[in-house]
Amino acid sequence: MKILAIETSCDESAVCIIEATGDFGPGFRFKVLGNALASQAALHAQYGGVFPNLAKREHAKALVPLLTQVVQQAGLDLPGSAAPRSPDELMALLSREPELFAQLTPYLASHAAPDIDCIAVTHGPGLEPALWVGVNFARALATAWQKPLVAVNHMEGHALLSMVKAPSGHSHILENVGMSEVEFPILALLISGGHTELVLSREFGSYDILGATRDDAAGEAFDKVARLLGLPYPGGPEISRLAALAREKNIGADFSLTRPMLHSGDYDFSFSGLKTEVRKLVESHEMTEEFKLQVAREFEECVADALIEKTMRAVEEFGTKVVVVGGGVSANTFIKKRLAERLAQEGDSASLLVPPPEFATDNALMIALAGYFHAIRKEFAELSALRADGNLALSK
Ligand code: KG4
Ligand code: ZN
């Protein structure tokens, strides 16, 4: 099955086409036929964070060029026309996206429908105005091309991408990719700019949320602390770079931050107090390079401790043999390394699955994967009822 996927939940516009066979498990294989991404991070960096309406406008500009590129990469670009049977319907679907409509209409008129089996799109969670652009684009394509549509939960995409694995000897996940060995129940630590959740999955598609953040998400905390230190958005990679430098130079903090909710007896997280602590420190210290290194290192270790403590407790309570870490913060080398060490010491040989580094942050491959597993289950969306949902939860 060939599936075209669209992701616009935050500040990355992304389109991907994969060809996949087999169900979730050892028989699953896929290859990436085309993949492209336009990041808005540099634009949002000027403002220190993501502005939903600016993100929406940028997605609307980026999607048709990305689609054009990906369909060409996949060798599926054919001359012809996929002019919809009902142009009015297309116009109605894109009435809130005039820029997208203006680009898509000539595209459809001069390109035949590509040979794909279905379309997948992120419908939540994320920034609602941004999600709507992707959803409306996907509905328009599904209508024009007469293809079924799958609505994907972004967090499920992150989790699934962490489970794929290129055959040994291949460093890139592009061809003949399968899955790591997984055994249910799987514990997933999903850590991104908008979410921080510890999830137990007993079978494909079933998710119990054991705990979540009560305030800021882990990635959001990285971004906010980076801002306090005068570092650019997105803050995660910057803090992580400074923290690594501090370790390399053996610079330890002469203050300590409180590990949040370590002994709260549940699986919840909280990161906003940590940010307040850093703000107070910043107010009472001179912003020297050394001070920045100290804060970055102490903050990163604090977040790692909070995340890992709860994860280890869940591993023990549920006897999970597989821990999956997904979402943008899973790019963090220190968190991955420390979690791997703890699992090796006390995790009863539970394996740790993390995404390939180039796919840790948002992308459309993860949406294609999730979309595929739902498509083979014939879990298609009703076109007219499909909505973007900024708060969409992982459900059973
Ligand atoms: O999953 P993602 O790309 O977007 C959302 O779904 O939110 O995650 C983005 C988040 C940002 O907050 C960013 O600062 C964080 O992931 N991030 C990191 C690292 N790389 C990205 N956080 C910590 N360490 C990193 N190396
Ligand atoms: Zn994400």
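Predicted model: local features only at pLDDT ≥ 70, side-chain atom pairs only at ≥ 80, totals over all residues.
Residues are numbered from 1 along each chain as its sequence is written, chains are lettered from A and ligands numbered from 1 in the order in which they are written, and side-chain values use heavy atoms, with hydrogens and water left out.

Helices (H or I, at least four residues) and strands (E, at least two) are taken as DSSP runs and numbered from the N terminus. Two strands pair if DSSP finds at least two bridges between them. On that basis, five strands make up an open sheet with mixed pairing, in the order β3-β2-β1-β4-β5. At its edges are β3 (29-39) and β5 (149-153), each of which pairs on one side only. From one strand to the next, the twist averages 20°; axes are lines fitted to C-alpha atoms, for helices over the stretch in contact, and angles run from 0 to 180 degrees between N-to-C directions.

Within this sheet, β1 (residues 2-7) and β4 (residues 118-124) pair in the parallel sense over four bridges. I6 has V121 in β4 as its bridge partner.

Helix α5 (residues 128-145) lies across β1, β4 and β5 and runs at about 160° to β4. Helix α12 (residues 365-375) lies across β1, β2 (12-21), β3, β4 and β5, and its direction is at about 130° to β1.

Charged side chains come next. A salt bridge is counted when a side-chain nitrogen of Lys or Arg is within 4 Å of a carboxyl oxygen of Asp or Glu, and the whole structure holds 23 of them. One of these joins D23 and R377, whose closest N and O atoms are 3.2 Å apart. D23 is in the loop between β2 and β3 and R377 in the segment after α12, so this pair links distant parts of the chain, 354 residues apart. For accessibility, buried means under 20% relative accessible area, exposed means over 50%, and partly exposed lies in between (1.4 Å probe, protein chains only). D23 is partly exposed at 38%, and R377 is partly exposed at 30%.

A salt bridge also connects the side chains of R202 and D208, at 2.6 Å from N to O. R202 is partly exposed, with a relative accessible area of 47%. K275 and D216 meet in a salt bridge at 3.1 Å, N to O. Because K275 belongs to helix α9 (residues 272-284) and D216 to the loop between β10 (206-212) and α7 (218-228), the pair ties together parts that are 59 residues apart in sequence. Both ends are buried: K275 has a relative accessibility of 13%, and D216 has 7%. Elsewhere, salt bridges link R214, D266, D268 and K310 in a network.

The cysteines are a separate matter. A disulfide, taken here as a pair of cysteine sulfur atoms within 2.5 Å, is found zero times in the whole structure. C16 is in no disulfide, and the nearest cysteine sulfur, that of C118, is 12 Å away. C16 is buried at 0% relative accessibility, and C302 is buried at 0% as well.

The zinc ion (ligand 2) has H154 (NE2), H158 (NE2) and D362 (OD) as its protein donors, lying 2.0 to 2.1 Å from it. Donors are N, O and S atoms within 2.8 Å of the metal (3.2 Å for Na, K and Ca), and sites may look incomplete because water is not among the atoms. Along the chain, the donors follow the spacing H-x3-H-x203-D. H158 lies in helix α6 (residues 154-161) and D362 in the loop between β12 (351-353) and α12, so this pair ties together parts that are 204 residues apart in sequence. H158 is buried at 2% relative accessibility, and D362 is buried at 14%.

The last stop is A246, in helix α8 (residues 235-248). A246 is buried, with a relative accessibility of 0%. Leaving out residues up to four places away in sequence, A246 touches I251, L293 and R297. A246 and K292 are 46 residues apart in sequence, and their C-alpha atoms are 9.1 Å apart in space.

Key. Contact = heavy atoms within 4.5 Å.
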